[in-house]
Amino acid sequence: MVLCFVLHRQNTDQIKDIIELAIALEADYLELATTQYYGWANHNKEQLLPTKEQITKAEKIAHEYQEKMQGKMRIFYVVPDYFEDRPKPCMNGWGNIFLTITPDGTALPCHSARLIPGLELPNVKDSSINWIWNDSPDFNKFRGFDWMKEPCRSCDEKEKDFGGCRCQALMLTGDAANTDPVCSKSPNHGKLVEDIRRIEAEAMHNSSHGIEEKPLVFRNMRASKKLTTNP
């Protein structure tokens, strides 16, 4: 049995209880998956992003259980992107391995590709999988290395991380072709670090002064209309 728990600021401190639950359920694999800040999670980032202290404690507990449960249950713990200095190789490179087909037939090179403006996104109702994968402009847009800007283009690590996540680059810099700001080599990395520190400081201030966090914005028609009319 495989169990996956999504972690964020409001439940990260319960990681020990979460692992014990997985043990009680006799899970074979446990993924402690940190929230990825796309879509609605991005709108709630200030309420969901854990503090550095929480991450340090959670990582220590996860490693302890990994050793304790070796040979009995495999535990995977992933540190949030924002706390790394190198980006993840998102989708193992755009149009490199993964192809997602939605219920309406739209083919996506990554799950969140619809976020990126300017993509027409081919459909299996109109084109063959062979053409979509090999020849469609959208699947070739960020494939390989020729599309890269500096510092990615001349970076000796580009074959490891492929410049990071295109959707994250778009959300944090406004341009999907920019280096993922998680990378310390990105000219936008400093702004991300400042943003994390601000969110963390506010969270710690609210906690120490008994100030209630802003409520989460849930995905529903009312909230969608509000975000659309007041971006």
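Analyst: Ala, Val, Leu, Ile, Met, Phe, Trp, Tyr, Cys and Pro count as nonpolar, Asp, Glu, Lys and Arg as charged, and the others, Gly among them, as polar. By that rule, the lining of the second largest cavity divides into three nonpolar, three polar and one charged residues. This is a predicted model, where local features need pLDDT of at least 70 and side-chain atom pairs count only at pLDDT 80 or more, while totals for chains, interfaces and linings use all residues. Residues are numbered from 1 along each chain as its sequence is written, and side-chain values use heavy atoms, with hydrogens and water left out.

User: Which residues line the second largest cavity?

Analyst: They are Thr35, Gln36, Tyr37, Pro80, Asp81, Tyr82 and Gln168. Asp81 is the charged one, because Asp is in the charged class. The volume here is about 30 Å³.

User: What makes a space a cavity and not a pocket?

Analyst: On a 1 Å grid over the protein atoms alone, a 1.4 Å probe fits in a cavity but cannot get out, whereas a pocket is an open set with protein on both sides within 12 Å along at least five of seven lines; lining residues have an atom within 4 Å of a point. The largest cavity holds about 90 Å³, and of its 13 lining residues Cys152, Cys155, Asp161, Thr179 and Cys183 are closest to its centre. Its lining has five nonpolar, three polar and five charged residues.

User: How do you know where domain 1 and domain 2 lie?

Analyst: The domain assignment gives domain 1 as 2–83 and domain 2 as 90–186. Their C-alpha centres are 27 Å apart. Seven residues from each domain take part in the contact, meaning heavy atoms within 4.5 Å.

User: How much area do domain 1 and domain 2 bury between them?

Analyst: About 570 Å², 61% of it on carbon and sulfur atoms; this is the accessible area (1.4 Å probe) lost on being put together, summed over both parts. Tyr38, Asp81 and Tyr82 supply 76% of domain 1's buried area against domain 2, more than any other three residues.

Note on methods:
Domains from an automatic or database assignment. Buried area = accessible area lost by both parts, 1.4 Å probe. Points joined across faces, edges and corners; volume = space filled by probe spheres on them.
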